[in-house]
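User: I would like to learn how to read a protein model feature by feature, with the cut-offs spelled out as we go. Could you take me through one?

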Amino acid sequence: MAQLFNPAELDIREKVVSINRVTKVVKGGKNPRFSCLVVVGDEAGHVGCGIGKAIEIPEAIRKGIEDAKKNMVKINLRGSSIPHRVIGKYGAGKMLIIPAPEGTGIIAGGPARAVFELAGIKDVRTKSIGSNNPHNMVKATITGLLSMMDINEVAAKRGKTVEEILR
């Protein structure tokens with residue numbers, strides 16, 4: 001999906017979702033490194049996730065932020081929530097995302113909560129089904145948010161007006 005916006009122009013915040021210590025066993029011994037999963041967003045409908053790997057944690061986080069900015073996408077919002085119920089899938093993880101009335105807040109687990117906060121969604125309920133791996137949860141959440149369509153897109157796709165669909 002091509003980006004229609006420049007991440008450099010947005011007021012971007014970032015959140016580190018998980019840090020893993022990984023070890024590569026080589027002839028000379030163990031070679032430790034760090035892997036970081038980072039989510040970035042502008043709290044106005046743009047969000048992205050990325051992974052960075054390095055010998056030191058700050059460098060891994062910096063690489064993760066760069067990767068996340070490259071993978072930013074625009075999502076559809078309806079006020080402080082989402083337009084409709086959707087299921088996002090990635091790998092063995094599924095994320096059921098349900099719109100909620102204003103004032104409900106974000107009812108979601110840690111990795112998915114970071115995505116919603118940085119995307120600017122304030123009222124939503126979720127249920128994680130399957131894998132609770134942070135990488136799968138974040139990517140399933142973003143996949144679900146990308147698959148949502150607002151009423152104008154549905155009308156254009158069906159060749160009808162918005163009024164005809166609302167009847």
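User: How many bridges join β5 to strand β6, and how should I read such a pairing?

Analyst: Strands of a sheet pair through backbone hydrogen bonds, either parallel or antiparallel. In this predicted model, β5 and β6 (residues 93-99) run antiparallel and are joined by 5 bridges, and Tyr90 stands opposite Gly93 in β6. Strands here are DSSP runs of E with at least two residues, helices are runs of H or I with at least four residues, and both are numbered from the N terminus; two strands count as paired if DSSP finds at least two bridges between them. As for conventions, residues are numbered from 1 along each chain as its sequence is written, and side-chain values use heavy atoms, with hydrogens and water left out. Because the model is predicted, local features need pLDDT of at least 70 and side-chain atom pairs count only at pLDDT 80 or more, whereas totals for chains, interfaces and linings use all residues.

User: What is the order of the strands in the open sheet, and which are the edge strands?

Analyst: The open sheet has 4 strands in the order β5-β6-β8-β7, with mixed pairing. Its edge strands, each pairing on one side only, are β5 (86-90) and β7 (106-107). In the chain as a whole there are 5 helices and 8 strands, and from the N terminus on the elements run β-β-β-α-β-β-β-β-α-β-α-α-α.

User: Is helix α2 largely enclosed or open, and how is that judged?

Analyst: In helix α2 (residues 110-119), 7 of the 10 residues are buried, so the helix is largely enclosed by the rest of the structure. These buried residues are Pro111, Ala112, Ala114, Val115, Phe116, Leu118 and Ala119. After α2 comes Gly120, with a positive phi near 95 degrees.

User: What does Ala119 touch, if residues up to four places away in sequence are not counted?

Analyst: A contact means heavy atoms within 4.5 Å. By that criterion, Ala119 touches Glu43, Ala44, Gly45, His46, Val47, Ile75 and Leu77, with residues up to four places away in sequence set aside. Ala119, which is found in helix α2, counts as buried because its relative accessibility is 0%. For the chain, among contacts between residues at least 6 apart in sequence, 56% join residues at least 24 apart.

User: How many disulfides does a search of the whole structure find?

Analyst: A disulfide is a pair of cysteine sulfur atoms within 2.5 Å, and the search finds 0 of them. Cys36 is in no disulfide, the nearest cysteine sulfur being that of Cys49, 14 Å away; that separation is too far for a bond. Cys36 is buried at a relative accessible area of 0%, and Cys49 counts as buried at 10% relative accessibility.

User: Which residues make the nonpolar surface patch?

Analyst: Val16, Ile19 and Ile57 make a nonpolar patch of about 200 Å². Accessible areas come from the Shrake-Rupley method with a 1.4 Å probe, and for residues only the protein chains shown count as cover. Ile19, in strand β1 (residues 13-26), counts as partly exposed at 41% relative accessibility.

Note on methods:
Patch = residues over 30% accessible without salt bridge, like charges linked within 9 Å, V, L, I, M, F, W, Y side chains within 5 Å. Salt bridge = Lys/Arg side-chain N within 4 Å of Asp/Glu carboxyl O. Buried < 20%, exposed > 50% of the residue type's maximum accessible area, 1.4 Å probe, protein only.
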